[in-house]
Amino acid sequence: MAVLIDYDRLCELFGEGGIEVTREQYDRLLRYCELLVEWNRKMNLTAITEPMDIAVKHLFDSIFPFMLENVEKGCSMIDVGTGAGLPGVPIRIMREDIKLTLLDGLGKRVNFLQAVSDKLSLEARCIHGRAEELARAGAEGGLRESFDVATARAVAALNVLCEICLPYVRVGGSFIALKGRDGLDELRAAERAIKLLGGEVERAEKYKLTSGDERTLIVIRKARETAEKYPRGWGQIKKRAL
């Protein structure tokens, strides 16, 4: 079974969101999906495997929010808790100027991401580690407050995501959260956390996929440095979210 719809159908689908896809971009998206399905047979990467669902719920769902909130050319981006490389890999295929870092806590997934980066020539930095540990002041790798953009896609509740992701963002940069239909409710619950972590809400917008599924784009601008005590350890975050 094919793992992605044909070029003309993908162009039609993406065109509904104002997204233009070149043949070269399609070929790379296709290769990514082939690798995703191939590796998914031996490890848990995704429960979505039907061609149209992959096109809409993985590719379009990753790329379209960045049509609404276009990031600056040549920016550095970290995709936190990226899993199978979503949204980072599709974004990087569509935007070759972005300097991408993919971060995940499971070594097997990072091996998959490295294989994807190598085979698609993405030049992505693939890092294995706990996101809340690598974002701490003085942590190995110097990742704290070093990115123009941090992004995450439905990984955890927004107040938790803010504590983990905002420390990676430099002052003046942004955290772009891709949330589901209840994103605005999560935003209200995260207002205290955003303020404590040095962020300011710049944008919150609901939209729909071509399938009709509701999504929420939340953009938080980093206005001030994050206090060194954040992020806390995972046990503390889980027990008492901000």
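Residues count as buried under 20% relative accessible area, as exposed over 50%, and as partly exposed in between (1.4 Å probe, protein chains only). By this scale G107 is partly exposed, because its relative accessible area is 25%. The model is a predicted one, in which local features need pLDDT of at least 70 and side-chain atom pairs count only at pLDDT 80 or more, while totals for chains, interfaces and linings use all residues. Residues are numbered from 1 along each chain as its sequence is written, and side-chain values use heavy atoms, without hydrogens and water.

G107 belongs to helix α6 (residues 107–120); helices (H or I, at least four residues) and strands (E, at least two) are DSSP runs, numbered from the N terminus.

We turn next to the interior. A nonpolar core is a set of buried Ala, Val, Leu, Ile, Met, Phe, Trp, Tyr and Cys residues joined through side-chain atoms within 4.5 Å. The largest one holds 55 residues, of which L10, F14, Y32 and F112 touch the most other members. Elements giving two or more residues to this core include α1 (7–15), α2 (23–40), α6 and β7 (214–222), and α2 gives the most, with 8 residues. Apart from this core lies another, of 32 residues, among them I78, A131, A152 and V169.

Y32 has contacts (heavy atoms within 4.5 Å) with L59, A84, G85, L86, V89, P90, I93, F112, V116 and L120, not counting residues up to four places away in sequence.
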